[in-house]
Amino acid sequence: MILRSSDPSPFGRKVKIVAKILGIYDQLTIEMSNTNDPEDTLRKQNPLGKIPILILDDGRKIFDSRVICEYLDAQVDGITLHPTESDARWEALTLQALGDGIVDASILQVYEHRMRPEEKRSSDWLSYQSDKVKRALDHLEASPPSLAGDLTIGHVALACALGYLDLRFDGKWRETYGALVTWLDAFRARVPAFDATAFKG
């Protein structure tokens, strides 16, 4: 299978961590992609022009990261990051949505600075997105998700979101959210794949 992604991508990182947890990372060939390059074939592989994309041996394309992670999970017997029991499943998927939402709002802030000249940037738009991140972190800080039981896709998504805040926002969240810092340290200790997939650039 071919995974089209980029090293800094938090969504690509989520897929890589899942593949490592499931023990099938060596079945992936990682191909770098440039979402800003109109000549990159990823726009033909995913009409949205977004990464990650998983290309199967028979040529089928799967996207986005949530779908890819669930597909990979379904290929492995005896372990799952997507609980089947109703309450646990909705809890895991909701936590994944929250983690992915933190990333979405953070990426929009990065793009506002990267794509627009300073005089055209919208402070209201930036505040709107940063407020989403703050509300999510406040919610999680008050009650960090337990790592006492089985790992879920929600745990992985949250870890990747916090990792992205470290990468693009200089880890400033750490000054305010001590319980989440402790949570991420515990996740890192339990999941070596988190550090192994960190962007080194």
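**Entry 1**

I started with Tyr-128, which is partly exposed at a relative accessible area of 47%. For my own reference, buried means under 20% relative accessible area, exposed over 50%, and partly exposed in between, with a 1.4 Å probe and protein chains only. This is a predicted model, so I note that local features need pLDDT of at least 70, side-chain atom pairs count only at pLDDT 80 or more, and totals for chains, interfaces and linings use all residues. Residues are numbered from 1 along each chain as its sequence is written, and side-chain values use heavy atoms, with hydrogens and water left out.

I then looked up where Tyr-128 sits, and found it in helix α5, residues 123–142. Helices here are DSSP runs (H or I, at least four residues), strands are E runs of at least two, and both are numbered from the N terminus.

Tyr-128 also belongs to a nonpolar surface patch with Leu-108 and Trp-125, and together they have about 280 Å² of accessible area. Patches take residues with over 30% relative accessible area and no salt bridge; like charges are joined within 9 Å, and nonpolar side chains (Val, Leu, Ile, Met, Phe, Trp, Tyr) within 5 Å. The areas come from the Shrake-Rupley method with a 1.4 Å probe, and for residues only the protein chains shown count as cover.

**Entry 2: Ring pairs**

How many aromatic pairs does the structure hold? I found 3. Rings of Phe, Tyr and Trp (its six-membered ring) pair if their centres lie within 6.5 Å; planes under 30 degrees apart are stacked, over 60 edge-to-face, and the rest tilted.

Trp-125 and Tyr-128 make a tilted pair, at 6.0 Å centre to centre and 40° between the planes. They are 3 residues apart in helix α5, which means about one helical turn separates them. Trp-125 is partly exposed too, at 32% relative accessibility.

Next I checked Trp-183 and Phe-187: the ring centres are 5.6 Å apart and the planes are at 20°, so this pair is stacked. Both are in helix α7 (residues 178–190), and being 4 residues apart they are separated by about one helical turn.

**Entry 3: Charges over rings**

Lys-20 places its charged end over the ring of Tyr-25, 3.9 Å from the centre. My criterion is NZ of Lys or CZ of Arg within 6 Å of the ring centre and within 35 degrees of the ring normal.

**Entry 4: Salt bridges**

I counted 12 salt bridges in the structure, each one a side-chain nitrogen of Lys or Arg within 4 Å of a carboxyl oxygen of Asp or Glu.

Asp-58 and Arg-60 meet in one of them at 2.8 Å, N to O, and Asp-58 is exposed at 51%. Asp-166 and Arg-174 form another at 2.9 Å, N to O. Here Asp-166 is partly exposed at 26%, and Arg-174 is partly exposed at 31%.

Within it, Asp-64 and Arg-66 meet at 3.9 Å, N to O. Asp-64 is partly exposed at 35%, and Arg-66 is partly exposed at 36%.
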